[in-house]
Amino acid sequence: MDFTSQMLNEVLVKLFNSILFNEEEYLKKNLKDNNITLRGVHILEAVQKCKQNENNTMGKISKDIGVTAGTFTTLLKNLELNGYIIRNRSEDDKRKTFINITSKAKDVLKVHSQYHAKMINMITTNLSKKEEMALIDLLSKIKYFFTM
């Protein structure tokens, strides 16, 4: 690996791990109920986003987060047992199951949103508008690689 590749690899790996670690620690400190994993929080976030688009079926959400229906069902069981989601079968099409978040989940998502707001504020505090735009451009290019 050349120097640039080595440095980019090191920065990306450390950055990714640090974000996940800090996010988990923030949630542990700020949530009343610690019966939810970071992955669970991200699933709740996906459910909420799909609900806003009025497409909160299990199939749509599992596709959005990139897991199989079987894996998604397993992940949802814990969230349902702990009172974060409610599943309802469609009256029109019994093959469809809709997922809705509860008020308990909304509390978790509020704390999660606060973490992201603090993280973004910390990153952008000392950047000029030009630097902010350059950062967005570069991160968008990186995101493209991971989502294609």
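Author: Helices are DSSP runs of H or I with at least four residues, and strands are runs of E with at least two, numbered from the N terminus. This is a predicted model, in which local features need pLDDT of at least 70 and side-chain atom pairs count only at pLDDT 80 or more, while totals for chains, interfaces and linings use all residues. Residues are numbered from 1 along each chain as its sequence is written, and side-chain values use heavy atoms, with hydrogens and water left out.

The part to follow is helix α6, where Lys-129 and Glu-132 lie three residues apart, about one turn of the helix. These two form a salt bridge (a side-chain nitrogen of Lys or Arg within 4 Å of a carboxyl oxygen of Asp or Glu), and their closest N and O atoms are 3.4 Å apart. With buried meaning under 20% relative accessible area, exposed over 50%, and partly exposed in between (1.4 Å probe, protein chains only), Lys-129 counts as exposed at 61%, whereas Glu-132 counts as buried at 17%.

Also in helix α6 are Asp-137 and Lys-141, which are four residues apart, again about one turn of the helix. Their side chains meet in a salt bridge, at 3.4 Å from N to O. Here Asp-137 is partly exposed, with a relative accessibility of 39%, and Lys-141 is exposed, with 53%. By the salt-bridge rule, the count comes to six.
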